[in-house]
Amino acid sequence: MVRAESPRVASDPDVDQLIAQMTLAEKLGHLNQMGGGISATDNPGAKAARMSELAEQIRAGAIGTFIGAHGAEHTNALQRIAVEESRLKIPVAFANDVIHGYRTIFPIPLAEAATWSPEWIEKACHVAAIEARAAGTHWTYAPMIDVCRDPRWGRIAETAGEDAFLGAEIAAARVRGFQGDDPSKADRMIACAKHYVAYGGAEGGRDYNTVDISLSTLHDVHLPTFKAAVDAGVGSMMSAFNEIGGVPASGNEYTLRTVLRERWGFDGVVISDWASVRELVPHGFAVDEAEAAAIGIRCGVDIDMASGIYQKFLAAAVERGELPMRLIDESVRRTLILRKKLGLFANPYTDVSRETALQGAAEHRALARDVARRSMVLLKNESGVLPLARKAQRIALIGPLVESKRDVLGTWAGVGREEEAIDVLQGLKSVAGADVTIDRALGCEVLAALPNGIDEAKRVAQNADVVLLALGEMEMMSGEGHSRASVELPQPQLDLANAIFDLKKPTAVILLTGRPLSIPTLAERAGAIVLAWHPGSEAGHAIADVLFGDFNPGGKLPATFPRSTGQVPLYYNHKNTGRPPSEGNRFTSKYIDIPWTPLYPFGFGLSYTSFSISDATVSPLEARADGVIRVSVKVTNTGKRDGDEVVQVYYQDPAATMTRPVRQLCAFRRVSVAAGRSETVSFEIPVTRFGFHDNSGQFRVEPGEIRLGVGGDSATELGLRVQLVKS
Ligand code: GLC
């Protein structure tokens, strides 16, 4: 039985007075979201026809919010109809997917997570809000905060990776960046935490697929990022496509009512992911669309995106007495309060004078370049291939991605324009200087060989002092509906790389990708590997800054790199099992054909300098559940170059009333340390961070030993001990 009303329902006297005047049809119109865009390719007649269709729907109060409308002028034209010609003059709101930038495109979110710098991610989200709001977008369908342990899933590109704690810190930073203290400001938007919940747990990494997890895993892996977003004041949530153990997320009373509304007190808007409420029918959870609509509204999915089934079926359900009007009013109230929070009742229009000057502004591009450099992860650097010397030399730039502008923007690239993206070749030319000659050759396509491609590439490489190989994925190989059964590098690229490696030239790989890849050949044969992800509008500049050492890379992996797809799912905070893998013992949990360990572990990343982390201490040695422990370490830059280290604190609960991961991240900080200097880094860690949920969804902090370790990646030793004692 679904509770008729959540205990905390948003309230506002002005809004309540408005609701009292609304007809049922108008109320349902405000629970309906449809497309509001006009295709740029349409001829004037088609555009005029589309505009009058939208105008008619707005006048009738049949739509309350739009997706896909862009531009201050176009959104103001629609808004004018709403506030001047509709019966109750209620302003409409405009939403879009502003995921990692609007016109200035930042690195994909997985890359931004590799910065391990929430404060930088917050700045990037603020710039996205500045540009998007100036172009009439009030509401972004971001942050995407699903936790994902399976790189076959194309949408891992949009996540903060495999860890709930890193993901939660970043989720809160993104909400702050988009919303600020007041989302009615001209440089802010309402954010939307998505996809609620556990979408990243899809079996087989196949998009929209079944998620079948324990309640403990739901609470400890998939819910923490959403709780962090709610605690940061996120204004809305998006309910996911997937089912969770037999109950679809968009019809799930436990997650949508019990957890979100009652336990967490969230009283913002929940919107369906596209037609995810209507999809309760193919899920086999509703007999028809009318039942799907009733389930959705009862669970507190306030707005139905794109399917129209609320508008089509809920009036009859109310008139038949099957659906209390209170449920409808509760959702209408939330959608009107969202628009009030945006200031749209007082100031419905966007100032058109700001739009042009702000799109792609120089300071926005500069920040995008900074974030892109910080996101890059140095996976390998032997025999000093990198950084490239500042001297006269001939560089061979080879690979299918050397001049790709579209691919470096990555998936969900807002209204970013590929012609405004700096590709790898452009970036190198602008940073390398006049005495460097750069010869380029494709060598192959991303997914196919090129006739004579390898011969041409070898010829270019033969004449060079150093070779740069730009390899990886196209933009359309990750993102929604782009899952891959194999995360290996495509064979044509491997053939090209091996042919180049055979020349025994100093060779560095620039890896452009939307996901972790299995790259054992590159790991073995390349002199250096810079993981650049899909770095956004400033890709080429940022890559060149790192290659030439103008920026010392300090990024760390937010997701594990496997040796083979066959290992997936492979993640650092796995369980120990009763037979943990061990050399020489066949009857333990491992493979006979490859090592059980990852190629590169979570948290891993090198630098052009080197660091030592020592003198780790923890106090007090005994603590209660309501206590705080303090961990301190000394970080020394033992090299000759200033650089960043990400200090990571991991813990393990070696014996509890449920099996616990072999380790979990519980604190981190990216610190800059000058060459030869040392810094002391300290963390205050609440003991509740060592708690967990059992399979009844109850949270516990248990007495007993906690092991801790501090290092530069997740493979660090856990040499510290703290005893948790009963309160
Ligand atoms: C898509 C995505 C979601 C997006 C929505 C609107 O299907 O799943 O992330 O916000 O539809 O574009």
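Me: Which helix gives the most to the lining of the second largest cavity?
Reply: That's α7, with three residues. Keep in mind that we're reading a predicted model here. Both α5 (109-113) and α7 supply at least two lining residues each.

Me: How much space is in that second largest cavity, and which residues are closest to its centre?
Reply: There's about 70 Å³ of space in it. Its lining counts 15 residues, and Met144, Ile145, Thr159, Ala160 and Gly167 are the closest to the centre. Sorted by class, the lining has seven nonpolar, four polar and four charged residues.

Me: Let's switch to rings. How many aromatic pairs are there?
Reply: Searching the whole structure turns up 17. To read one, look at the distance between ring centres and the angle between planes; an angle over 60 degrees counts as edge-to-face. Take Trp153 and Tyr199: their centres are 4.9 Å apart and the planes sit at 70 degrees, so this pair is edge-to-face.

Me: Where do Trp153 and Tyr199 lie in the chain?
Reply: Trp153 is in the loop between β4 (139-140) and α7 (164-179), while Tyr199 is in the loop between β5 (192-196) and α8 (215-222), so the pair ties together parts 46 residues apart in sequence.

Me: What about Tyr196 and Trp264?
Reply: They make an edge-to-face pair, 6.3 Å centre to centre with 65 degrees between the planes. Tyr196 belongs to strand β5 and Trp264 to the loop between α10 (253-263) and β9 (269-272), so this pair links parts that are 68 residues apart in sequence. Tyr196 and Trp264 are both buried.

Me: Which residues do ring pairs link into a cluster?
Reply: Trp116, Phe165, Tyr572, Phe602, Tyr650 and Phe668.

Me: And where do charged groups sit over rings?
Reply: Here are two cases to look up. Lys123 lies over the face of Trp120, 4.1 Å from the ring centre. Arg149 has its charged end over the ring of Tyr571, at 3.8 Å from the centre.

Notes. Residues numbered from 1 in each chain as written. Predicted model: local features only at pLDDT ≥ 70, side-chain atom pairs only at ≥ 80, totals over all residues. Heavy atoms only, no water. Phe/Tyr/Trp six-rings, centres within 6.5 Å; stacked < 30°, edge-to-face > 60°. Helix = DSSP H or I, 4+ residues; strand = E, 2+ residues; numbered from the N terminus. Buried < 20%, exposed > 50% of the residue type's maximum accessible area, 1.4 Å probe, protein only. Lys NZ or Arg CZ within 6 Å of the ring centre and 35° of its normal. 1 Å grid on protein atoms, 1.4 Å probe; cavity = no way out; pocket = protein on both sides within 12 Å on 5 of 7 lines; lining within 4 Å. Points joined across faces, edges and corners; volume = space filled by probe spheres on them. Nonpolar A, V, L, I, M, F, W, Y, C, P; charged D, E, K, R; others polar.
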